Amino acid sequence: MARLAQWPVAVVLSEVYRIEGEPRLIEDLGFADKNILNNAYDGVRRDEASMTQLWDAVRSVEVARRWDVEPLLGFRDPGKVQLCSSLYPNVRAGSAEGRRIRKEMVDKERDPKLARAVKENNRARNGGIIVCEGCDFRDENNVLFDAHHRDPLGKGPRWSCPESFAVLCPTCHRWCHYKAADILQPLKIPTLRAVRSGAVKLAATAIAE
């Protein structure tokens, strides 16, 4: 019985034993109930009190080696506990933020007046409320919406007009690009609406931010 200082852990079993007679907790080992095994995972207990109680109950019982359970191919016992890998990413608990820094960048030319005009056209069509063309989210505040280029600027320079855009909420805007198989071939608005409504399911894509 191993006493584990950390949890979760991976334990490579090089030798496995069974308790002869398979004693029952209440009838044979004298426990008042079966609560001693509550919250046990694959028979491994973590808390010290329960482990000690179990060990005291079975330490004098005969055990036999299970030869049918073999160690992993190529396994070598190093004689000490070693960390091999972790299921959890190495994420720092915090980080310094807010310091002003200077950046130099190259961006694509955009006309903010055109984007505002597209949103106002949407507002005029919907009785004074802007409506997302992907999910029908609606609000009076135009900053809650994006002017989405139906044909991405990443394809190169072009002449844009109001018909070149769709008005989307930020979530639908990201769905358009990052749920598509190619970020330069965004979802068409009818497809986006069908996906967002649950009527159509998309295959998983490899596009990541």
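This note goes through the predicted model point by point, from the overall fold to single residues.

1. Basis. The model is predicted, so local features need pLDDT of at least 70 and side-chain atom pairs count only at pLDDT 80 or more, while totals for chains, interfaces and linings use all residues. Residues are numbered from 1 along each chain as its sequence is written, and side-chain values use heavy atoms, with hydrogens and water left out.

2. Overall make-up. The protein has four helices and six strands; helices (H or I, at least four residues) and strands (E, at least two) are DSSP runs numbered from the N terminus. Along the sequence the pattern reads β-α-β-α-β-β-β-β-α-α. Of its 209 residues, 22% count as buried, where buried means under 20% relative accessible area, exposed over 50% and partly exposed in between (1.4 Å probe, protein chains only). Among contacts (heavy atoms within 4.5 Å) with a separation of 6 or more, 57% are between residues 24 or more positions apart.

3. Helix H4. This helix covers residues 189–197, and Ile 189, Leu 192, Ala 194 and Val 195 in H4 are buried. The buried residues of H4 pack against strand S5 (146–149), strand S6 (165–168) and helix H3 (170–178). Just after H4, Gly 198 has a positive phi of about 90°.

4. The H3/H4 pair. The axes of H3 and H4 come within 10 Å and cross at roughly 110°; axes are lines fitted to C-alpha atoms, for helices over the stretch in contact, and angles run from 0 to 180 degrees between N-to-C directions. H3 is therefore roughly perpendicular to H4, on a scale where angles under 35 degrees count as roughly parallel, over 145 as roughly antiparallel, 65 to 115 as roughly perpendicular and the rest as oblique. The contact is made by Thr 171, Cys 172, Trp 175 and Cys 176 of H3 and by Ile 189, Leu 192, Val 195 and Arg 196 of H4.

5. Trp 175. Lys 179 lies over the face of Trp 175, at 5.0 Å from the ring centre. The charged end of Arg 196 also sits over the ring of Trp 175, 5.1 Å from its centre. The criterion is that NZ of Lys or CZ of Arg is within 6 Å of the ring centre and within 35 degrees of the ring normal.

6. Leu 192. This residue of helix H4 counts as buried because its relative accessibility is 0%. Leaving aside neighbours within four places in sequence, Leu 192 is in contact with Gly 134, Leu 168, Cys 172, Trp 175, Cys 176 and Leu 187. Gly 134 is 58 residues from Leu 192 along the chain, with 5.9 Å between their C-alpha atoms.

7. His 173 lies in helix H3 and is buried, with a relative accessible area of 17%. Its contacts, leaving aside neighbours within four places in sequence, are Asp 146, Ala 147, His 148 and Leu 168. Ser 164, in the loop between S5 and S6, is buried at a relative accessible area of 19%. Not counting residues up to four places away in sequence, Ser 164 touches His 148, His 149, Arg 150 and Trp 159.

8. Asp 136. The backbone here deserves a look: Asp 136 has a positive phi of about 70° although it is not a glycine. Asp 136 is found in the loop between strand S3 (130–131) and strand S4 (138–139). Its relative accessibility is 35%, so Asp 136 counts as partly exposed.

9. Ile 129 lies in the loop between helix H2 (112–125) and S3, and at 23% relative accessibility Ile 129 counts as partly exposed. Leaving aside neighbours within four places in sequence, Ile 129 is in contact with Asn 122, Arg 123, Arg 138, Asp 139 and Glu 140. Glu 140 is 11 residues from Ile 129 along the chain, and their C-alpha atoms are separated by 4.9 Å. Asn 141, in the loop between S4 and S5, is partly exposed, with a relative accessible area of 37%. Asn 141 and Ile 129 are 12 residues apart in sequence and 8.3 Å apart in space, C-alpha to C-alpha.
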